[in-house]
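Q: I would like a close look at one part of this model. Please take me through it step by step.

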Amino acid sequence: MTVRVRFAPSPTGYLHVGGARTALFNWLFARGRGGTFILRSDDTDTERSTAAFQEDILESMRWLGLDWDEGIDVGGDEATYRQSERLERYREVADGLLDAGDAYRCFCTPEELDERRKQAMAEGSAPGYDGRCRELDPAEATRRVEAGEAASVRLAVPRPGETVFDDIVRGEVRFDHANVDDFVILRSSGMPTYHLASSVDDADFRITHVVRGEDLLSSTPKHILIGEALGGTDIRYAHLSLLQGPDGRKLSKRHGDTAIKAYREAGYLPEAMRNYLALLGWSPGDDETVVTLDEMVERFGLDAVSKNPAVFDTAKLEWMNGVYIRELGLDDFVDRTVPLVETLVGRSLDADDRATFVEIAPHVQERAKLLPEVADQVRFLFVDAVEYDETSWQKVMTAPEARIALDGALARLGDLDPWSVDGVEAALREMLEEYGLSARKGFQSLRVAVSGSSVSPPLFESIAALGRARTLDRLRAAFQRL
RNA sequence: GGCCCCGUCGUCUAGUGGCCUAGGACGCUGGCCUCUCAAGCCAGUAACGCCGGUUCGAAUCCGGUCGGGGCUACCA
């Protein structure tokens, strides 16, 4: 059997990390089984759905490298993968269910329902729909609708009854229908609810496995019931535990950034995000944590997914991002960071600048956890004059050794030949020796003078990349400021 | 409240009755390296929620309890 899975977000918000993990797991499962991964848009909530959110979902998916075989934007066997464009189909299904007696019209108004719900809550009884319209005569109901009365359509849940299914991650789960109320499948506006649209699409698109968040676990009997009323499906379900914030509560904005877009903009690499997300509820098996996409595809299995909710912890994500940054090839690294440097210094880098950057790049690459840090670290190479970090200045330039080191460096570097990393290092070490300065103190003064900060890329490489003229200028400027 | 799900280091997890004096990773602490900061290497820190039961033997099985989470809409 060919696996067909779908990721079906509602465009009512940015793609968040939890949704991205669900998409990833679907994708890994499909790729590992030679299946089809479908991207659907569950946009029946016209109030909250927007084109901008839809676009963000697509962009974020592409950024993460999660390509889809069928779905919005790429097409496929179906005419459309947007639920808002399949409204006729859902109405047709609702009509069929009505005719078959599997569904009935409900004339209760939202106000009435709300009131009854509140009352039930107050009495401590079940707040679900009480089923009163289920007893109405269908012919009479049809007359009332034709007369213009507003009605929703509810599924007539078989009672007594029970829905039992074997969830791939959770095992056997059962729901007594006494706890599944007659839910609305078609609103009085004629719009389908999520339950109807989603279930119809899963059946129509021949989905074999529904992999989604645990928040939908208790809706699953509803979806299975619709599927059965439609003639039966043999969809397998896998419910992923939800992501939590550091406080153990459901992950939300107040825990910090949850949108994939925010991580992208903060300088995270898609490879790192993907790898980190995969580790939330799944383990490659051995003691590895950094695994390639191919390895993930090869080893992934839904049955190995953990049942426990996972806390989204950015500390580990950051570490992993550093690992992936260090794995980048030099050209790739430069390509990804040049735009950030240009933005920071406010101008584009010409060929010489670029050469300078390539020279220093390997040294900042191994120091960065986030891409934008790279720009901060090389900024001193592309500005006319450094701005001294006051804390650094106070800490190192007020020491008596500063004057000696600056003066000595000026003398040694003035006619250094050739101008190279090794040459600079040799000259400066000789200078230290001559004046009896420690490397720690002596070099720190030069570092602040040249880069403006007590933290910078390695000194000799920095000076070599800066060039003789600018280095001497900066040493003089710092000397005068002492 | 009702229904459902879950419970191993601070965090992500390995673990499916003896291989567990519970392994790995992140974090944290210390050390080495060292021109700063990183990286790297080494070491350390730290967990089976609790109570019963089954068993020769339980992190693993069962029951209870406590705790957390989800759902309980004409949202998804």
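Which residues of strand S1 (residues 4-7) lie on one side and which on the other, and are they buried or exposed?

A: Keep in mind that this is a predicted model. Strand S1 has Arg4 and Arg6 on one side. Val5 and Phe7 sit on the other. All four are buried, so both faces of S1 are covered.

Now look at the partner. S1 pairs with strand S2 (residues 36-39). The two run in the parallel sense, and 4 bridges join them. One of the paired residues is phenylalanine 7, whose bridge partner in S2 is leucine 39. To get from S1 to S2, the chain passes through helix H1 (residues 17-32). This β-α-β crossover is right-handed.

Two other parts of the model are worth a look. One is helix H16 (residues 401-413), with 13 residues. From its first C-alpha to its last, H16 reaches 18 Å, close to the 18 Å expected at 1.5 Å a residue. Its buried residues are Ala402, Ala405, Leu406, Gly408, Ala409 and Leu413. They pack against helix H15 (390-397), helix H17 (421-435), H18 and helix H20 (468-481).

H18 leads on to the RNA. Helix H18 (439-451) is among the elements that give two or more residues to the surface near RNA strand B. Helix H4 (110-123) and helix H19 (459-466) are also among them. In total, 67 residues surround RNA strand B. The closest are Arg187, Lys250, Ala310, Val311 and Leu459. By type, this surface divides into 27 nonpolar, 23 polar and 17 charged residues.

Terms used. Residues are numbered from 1 along each chain as its sequence is written. Chains are lettered from A and ligands numbered from 1 in the order in which they are written. This is a predicted model: local features need pLDDT of at least 70, side-chain atom pairs count only at pLDDT 80 or more; totals for chains, interfaces and linings use all residues. A residue is near a molecule or strand if its C-beta atom, placed from the backbone, lies within 6 Å of it. Ala, Val, Leu, Ile, Met, Phe, Trp, Tyr, Cys and Pro count as nonpolar, Asp, Glu, Lys and Arg as charged, and the others, Gly among them, as polar. A residue is buried if 20 or more other C-beta atoms lie within 10 Å of its own, exposed if 12 or fewer, and partly exposed in between; C-beta atoms are placed from the backbone. Two strands pair if DSSP finds at least two bridges between them. A crossover is right-handed if, with the strands pointing away from the viewer, the path from the first strand over the helix to the second runs clockwise. The expected span of a helix is 1.5 Å times one less than its number of residues. Two residues are in contact if their C-beta atoms, placed from the backbone, lie within 7 Å.
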